[in-house]
Amino acid sequence: MRQIFPFLALPLAATASFATEPVDSLPDHTLGEVVIEAPRIIRKADRDVYRPSKSAVEHSANGVQLLRNLMIPTLAVNDALGTISAAGESVQLRINGRQASLDQVRNLLPSTIRRVEWITAPGLRYNGASYVLNFIVANPTLGGSLMTKAQQALNQKWGNYQASAKFNSGRSQWEAGAYFKLTDRLKAHRDYRESFSFPDGSALTRTETPAGGYVSDNNGAAWLSYNYIKPDTTVFYVSLKAEKKFSGATRYDGFLSLSDGSSDINLTDLHESDGTAPSFSAYLEQHLPHRQTLVVDFGASLYSGHTGSAYQEQRPGTTGYLTDIHTSVRDRNQAYSLEANYIKDWKMSRLTAGATYTANRNRSTYANLGGEVFHQRQDKVYIFAEYFQRLKKFTFTAGIGAQYTGFRFRETDQGNHSWNLRPQATVTYTAAPEHQFRLNFTSWQSAPSLAETTIAPQQLDSFQWRIGNPGLKSSESYMLTFNYNFGFLRRIYGTFGIRAYTSPDAITPLVKWENDRLVTTWENSRGLSNLSFYLAPQVMIVPGWLAASAYVQFRAERMRGTGYSLTNSAWSGNVTFQLTHWGFTLTGQYQRAQRDLWGERISWGEDMSVIDLSYNYRKWQFSAGVIMPFGDYDHGSKSLSRWNTNEQHTRLDMRMPYISVSYNLQWGRQKRTASRLIDTGINADRSTLGTR
């Protein structure tokens with residue numbers, strides 16, 4: 001429920017999708033649609049379908065820009081930073097039903113995108129996804145394409161460079177691509193103040209005055225894929241990908257002032273990481289008689305990398321350190337997943353059933369603990385069945401899933417396991433072409449992560465520690481959502497909604513004293529509950545020229561855990577305007593991040609603004625813009641623990657003018673990437689280190 005740092009990749013969960021047009025090589029599995037002519041939206045029972053206009057295609061150089069130009073309400077698309085989110089949560093991306101990365105979406109040619117499906121209430125086959133975007137691209141034919149892009153800031157070592165090529169021959173297609181993202185020593189500092197209450201009743205306040213710092217995140221990837229499509233019969237897909245983090249680092253320097261009258265202390269807080277993650281994927285889809293489909297997908301991922309941190313406190317003018325803590329973890333982790341789905345279609349209904357097995361094998365070596373090695377085994381099994389039925393103006397979807405999660409540490413034989421049920425149901429009523437009502441109930445489980453369960457202790461500063469809890473159990477979450485989709489005057493359309501959420505045993509951090517150590521661990525809390533009201537309109541101010549979209553949300557929430565009960569309420573949202581004419585596109589965006597209460601901490605993502613002006617000339621696109629043209633970048637958190645209250649604001653020098661050049665070349669006729677109805681989306685775990 002949090003936004004992530006803009007320079008990090010978005011992890012995407014495994015899901016399934018079942019929507020292609022009848023003229024494509026795969027049948028259309030969605031039922032019941034109502035057409036709204038002006039905004040070119042098709043309201044289906046389980047998704048909204050956007051068909052790109054000629055103007056949107058002509059003013060886009062890639063798939064992400066086309067998505068931005070569609071201006072889908074609720075969706076926040078930032079092409080400059082390479083982020084896509086909705087209501088403060090991650091969005092699962094798909095290409096013809098196959099799970100895809102943001103870079104693969106960016107490498108789509110706009111002219112090949114036939115429609116974009118926006119799913120705000122994903123079913124059980126999506127395995128817990130909050131939102132899904134599915135890009136349907138053109139039929140396979142002959143030809144190929146080359147896409148390149150270079151984006152560079154003018155005042156910082158920050159940029160994004162990528163290229164991809166596709167080659168088609170009959171029913172086969174080869175694709176090769178690569179990207180490199182540069183974030184090298186971007187100037188940063190933090191404002192930090194914290195107070196500690198000790199068990200004996202004494203207190204201490206530490207105020208940090210920033211003295212500099214930086215953020216680095218240089219990473220890249222390369223991939224090669226092959227797919228074979230025999231229309232309406234067989235789809236085969238295989239891919240190899242290697243991701244590499246060349247260097248990642250966050251460093252803060254500052255001066256600590258203590259309330260006990262002690263002299264100032266110089267401090268350095270440094271976190272570094274690097275690693276390599278190769279992965280393999282294989283997919284087979286077979287269409288059977290009587291409108292039946294069988295899909296099997298296998299994925300494997302390895303991760304080998306290093307994560308380290310250093311925290312030092314030193315009196316000015318001295319050579320020794322008051323505190324000198326170094327943590328170093330070397331991971332060699334593996335993940336494997338196998339998924340199978342069966343789909344049966346009738347004229348007015350559909351049955352889907354499936355099963356997934358996922359295995360994680362983690363090996364972490366702690367150099368700071370004398371080379372001690374910790375092994376963790378994680379296993380997950382998920383099975384589900386879901387039925388869809390259309391009755392005149394009503395559509396019904398109901399299903400149930402069951403999930404097993406288990407993990408165990410080899411060295412201590414500690415661990416846990418559990419079975420959980422996942423019911424889900426949706427009712428949709430279409431009163432008129434412009435008015436649709438949808439009520440959705442969904443549930444899911446969240447398994448504890450490697451960082452939350454690891455038994456290896458980590459020291460953060462002179463008396464703060466972080467230790468995992470191997471006794472954690474998977475937590476349950478339930479959500480009830482009511483949406484009213486509307487359209488007025490053929491210029492205004494959008495969604496009004498109410499969402500109620502509860503997680504009665506949410507896995508949250510817990511701060512407590514153990515002797516003279518203040519320890520952060522994790523617990524199955526007494527629960528989080530919240531209620532949200534949101535409005536997401538799009539307005540065609542001057543059709544074909546000027547449009548605006550927005551998302552505004554107010555959320556009130558309560559969090560309860562061991563020894564505390566807290567409340568929080570806040571506004572969040574985003575607004576986008578776009579002016580298009582004479583080949584130019586002027587886009588302005590502002591985003592206020594959600595303020596999330598989780599455990600005894602309120603955290604927020606980036607409050608961002610971007611202005612971008614682009615011009616298309618034949619196969620070229622030229623862009624210039626400014627990131628954070630107004631306001632100050634802020635990303636931080638606030639602790640409300642009775643033992644440790646603090647507030648931290650991360651400040652980056654993000655007021656960056658940039659330029660971007662894109663070139664797209666096509667020859668012959670374009671071929672669609674292999675469509676996939678499911679995707680395991682497997683990723684090996686990675687260790688994370690705590691921070692103040």
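The following questions and answers concern a predicted model.

Student: How many of the 8 residues of helix 2 are buried?
Tutor: Helix 2 covers residues 63-70. Buried residues have under 20% relative accessible area, and those of helix 2 include Gly63, Gln65 and Arg68. Helix 2 is largely enclosed by the rest of the structure, because the number of its residues that are buried is 8 of 8.

Student: Which backbone nitrogen does a side-chain oxygen of Asn62 reach at the start of helix 2?
Tutor: Asn62 places a side-chain oxygen within 3.1 Å of a backbone nitrogen there. A polar contact requires a pair of N or O atoms within 3.5 Å. The nitrogen belongs to Val64.

Student: Which element gives the most to the largest nonpolar core?
Tutor: This core has 31 residues, and Leu67, Leu75, Ile84, Val91, Trp118 and Leu133 touch the most other members. Elements that each supply at least two residues include strand 5 (75-78), helix 3 (102-106) and strand 32 (527-542). With 4 residues, the top contributor is helix 2.

Student: How many residues are in the other core, which lies apart from it?
Tutor: Among the members of this other core are Ala80, Val215, Ile627 and Met628. Its number of residues is 17.

Student: Where are Leu489 and Arg490 found?
Tutor: Leu489 has a positive phi of about 60° and is not a glycine. Arg490, also not a glycine, has a positive phi near 60°. Both are in the loop between strand 28 and strand 29.

Student: Is Leu489 buried or exposed, and what is its relative accessible area?
Tutor: The cut-off for exposed is over 50% relative accessible area. Arg490 passes it with 62%. Leu489 is also exposed, and its value is 74%.

Student: Is Ser662 buried or exposed, and what is its relative accessible area?
Tutor: Ser662 lies in strand 42, residues 656-668. Leaving aside neighbours within four places in sequence, its contacts are Ala61, Thr148, Lys149, Lys619, Trp620 and Gln621. Buried means under 20%. Ser662 is buried, with a relative accessible area of 3%.

Student: How many Å apart in space are Ser662 and Arg466?
Tutor: In sequence, Ser662 and Arg466 are 196 residues apart. In space, taken C-alpha to C-alpha, they are apart by 46 Å.

Notes. Residues are numbered from 1 along each chain as its sequence is written. This is a predicted model: local features need pLDDT of at least 70, side-chain atom pairs count only at pLDDT 80 or more; totals for chains, interfaces and linings use all residues. Side-chain values use heavy atoms; hydrogens and water are left out. Buried means under 20% relative accessible area, exposed over 50%, partly exposed in between (1.4 Å probe, protein chains only). A polar contact is a pair of N or O atoms within 3.5 Å; within protein, one must be able to donate a hydrogen and the other to accept it, and residues adjacent in sequence count only if both atoms are side-chain atoms. A nonpolar core is a set of buried Ala, Val, Leu, Ile, Met, Phe, Trp, Tyr and Cys residues joined through side-chain atoms within 4.5 Å. Contact means heavy atoms within 4.5 Å.
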